[in-house]
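I opened this model to look at one helix and what surrounds it. My notes follow in the order I looked things up.

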Amino acid sequence: ASSKFAVYCGMALRFDGQAAVVTGAGRGLGRHYALFLARRGASVVVNNRTAAKADEVVAEIKAFGGTAVADYSDVATEGEKAVQRCVDAFGTIHILINNAGILRDRSLKKMTVDEFQEVLQVHAVGSFRCMKAAWPLMNANKYGRIVHIGSVAAFYGGFGQANYAAAKGALAGLNGICA
């Protein structure tokens with residue numbers, strides 16, 4: 001029974017020999033995704049605009065014997081660099097977790113166009129840029145996994161989060177377009 005529990009909890013899941021990029025991996029869920037992959041054998045690019053946060057996660061991974069490098073690119077404007085960092089460090093990419101995001105919560109009445117666009121740039125455009133760079137490599141390898149971190153806000157919205165809801169809705173649309 002305990003071995004079934006281990007498999008159910010993902011403990012038997014391994015990523016040995018695989019290279020991954022996790023965007024927004026300097027804190028929160030992104031950090032946990034990076035640690036999860038590294039603990040299961042993946043080599044991980046820890047992407048975060050805040051260099052100190054990315055470096056902390058890389059140090060944490062290396063402390064338990066994992067393999068990781070930091071990438072400080074802003075996915076909204078240069079997401080391709082995170083994927084290239086993976087290729088330069090590990091030879092290819094097998095896994096991309098598009099987690100990077102920001103919040104600019106404000107009621108619709110007070111939200112500016114800039115606040116709306118800034119959130120879409122990071123969540124949606126950043127994810128697209130990374131996906132667009134990773135897809136040809138994954139396609140050539142005949143293997144790859146792209147995960148967009150979504151939210152129920154895409155379907156139900158939330159007060160003060162029109163920008164966030166729209167961005168997460170865009171990610172839902174990106175899920176089915178790889179061809």
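I listed the buried residues of α3 and found Ala54, Val57, Val58 and Ile61. They lie on the same side of α3, because they cover an arc of only 100° around the axis. I noted the general rule here: an α-helix has 3.6 residues a turn, so residues three or four places apart point the same way. The model is predicted, and I read every value below as computed from it.

Next I checked the helix dimensions. α3 runs over residues 51-63, has 13 residues and reaches 18 Å from its first C-alpha to its last, close to the 18 Å expected. Just after α3, I found glycine 65 with a positive phi of about 95°.

Which elements do the buried residues of α3 pack against? I found α2 (28-39), β2 (43-47) and β3 (67-71).

I then looked at the helix pair. The axes of α2 and α3 come within 10 Å and cross at roughly 25°. The crossing of α2 past α3 is right-handed. On the α2 side the contact is made by Arg31, Ala34, Leu35 and Ala38, and on the α3 side by Val57, Glu60 and Ile61. Val57 and Ile61 also stand in my list of buried residues of α3.

Last, I looked up asparagine 47, which lies in strand β2. Is asparagine 47 buried or exposed? I recorded it as buried, because its relative accessible area is 2%. Leaving aside neighbours within four places in sequence, asparagine 47 is in contact with Val22, Thr23, Gly24, Ala25, Gly26, Asp71, Ser73, Val75 and Ala82.

Notes: Residues numbered from 1 in each chain as written. Predicted model: local features only at pLDDT ≥ 70, side-chain atom pairs only at ≥ 80, totals over all residues. Heavy atoms only, no water. Helix = DSSP H or I, 4+ residues; strand = E, 2+ residues; numbered from the N terminus. Expected span 1.5 Å × (residues − 1). Buried < 20%, exposed > 50% of the residue type's maximum accessible area, 1.4 Å probe, protein only. Arc of directions from axis to C-beta. Contact = heavy atoms within 4.5 Å. Axes fitted to C-alpha atoms, helices over the stretch in contact; angles between N-to-C directions. Left-handed = near helix turned anticlockwise from the far one by under 90°.
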